[in-house]
Amino acid sequence: MKKLKKNLLLIFCILTFLPYSNSMAYEEASYNVVYETDIYEIRYYEDRLVVEAVSKNDNNSFRKLFRYISGQNNKSQEIKMTVPVTQGENEEGYYMQFYLPSKFTKSNTPLPNNPDLRISTIEEGFFAVIRYSGRASDKNFFKHREILNKKLLDDNVVINGPAIRATYNGPFTLPNLRRNEVMYKVEWK
């Protein structure tokens, strides 16, 4: 958990200092809302390319990913920041992912120079999502993860994997204006 806290703090610090204006916004992974309740929504996402870092005991994932989009790749190409930044756990350990802008395909995506990073595809599918504001603390994440988990179980929605943490804003965004999400991949008709 300490590693996740350090990574979140780093995410927010860097997102805060990236150039930003009201006329410029970060590209967001596109989706379609296929079902909505007063608690959560079911989104359909097409395949998405990400650059990801997976580690067992490394808390420098964000720095490595940021260096990749800053030009430390085989094309020395700077890549625009996108949202959300996602984190979770899988059988390999902790992961952090930056979605790649939609202009990239498998054939034109710069390859990471860092062997700790890889380009991956998140396969299309349905995700149950609960949105919340406030700080992206573990406490806030766990609280909303439990709310979403309980509601999905109550609604007989089958969850296909662990919870994913999605963050959208830097640390100097007022807490009530922040956008955070908990996501679960789910089975949907």
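Contact here means heavy atoms within 4.5 Å. The model is predicted: local features need pLDDT of at least 70, side-chain atom pairs count only at pLDDT 80 or more, and totals for chains, interfaces and linings use all residues. Residues are numbered from 1 along each chain as its sequence is written, and side-chain values use heavy atoms, with hydrogens and water left out.

Start with the overall layout. The chain has 3 helices and 11 strands. Both are DSSP runs, numbered from the N terminus: helices are H or I with at least four residues, strands are E with at least two. Their order along the sequence is α-β-β-β-β-α-β-β-β-β-β-α-β-β. Take the contacts between residues at least 6 apart in sequence: 73% of them join residues at least 24 apart.

Next, burial. Of the 189 residues, 48% count as buried. Buried means under 20% relative accessible area, exposed over 50%, and partly exposed in between (1.4 Å probe, protein chains only).

Now the interior. A nonpolar core is a set of buried Ala, Val, Leu, Ile, Met, Phe, Trp, Tyr and Cys residues joined through side-chain atoms within 4.5 Å. The largest one holds 29 residues. Val51, Leu65, Tyr68, Phe98, Leu100, Phe127 and Met183 touch the most other members. At least two residues of this core come from each of β4 (48-55), α2 (61-69), β7 (93-99), β8 (117-122), β9 (125-132) and β10 (164-167). Another core, of 13 residues, lies apart from it; Tyr40, Ile42, Leu152 and Tyr184 are among its members.

Turn to Phe127, in strand β9. Why does Phe127 count as buried? Because its relative accessible area is 4%. Leaving aside neighbours within four places in sequence, Phe127 has contacts that include Glu41, Ile42, Tyr45, Arg48, Ile164, Met183 and Tyr184. Glu187 is 60 residues from Phe127 in sequence, yet their C-alpha atoms are 8.3 Å apart.

Arg48 lies in strand β4. Not counting residues up to four places away in sequence, Arg48 touches Ala29, Tyr99, Ser120, Thr121, Ile122, Glu123 and Phe127. Arg48 is buried yet has no salt bridge. A salt bridge needs a side-chain nitrogen of Lys or Arg within 4 Å of a carboxyl oxygen of Asp or Glu. What is the nearest side chain of opposite charge to Arg48? That is Asp47, 6.4 Å away. A polar atom of the Arg48 side chain does lie 3.1 Å from the backbone oxygen of Glu46.

Key: Lys, Arg positive; Asp, Glu negative; His and termini not counted. Polar contact = N/O pair within 3.5 Å; in protein donor to acceptor, adjacent residues only side chain to side chain.
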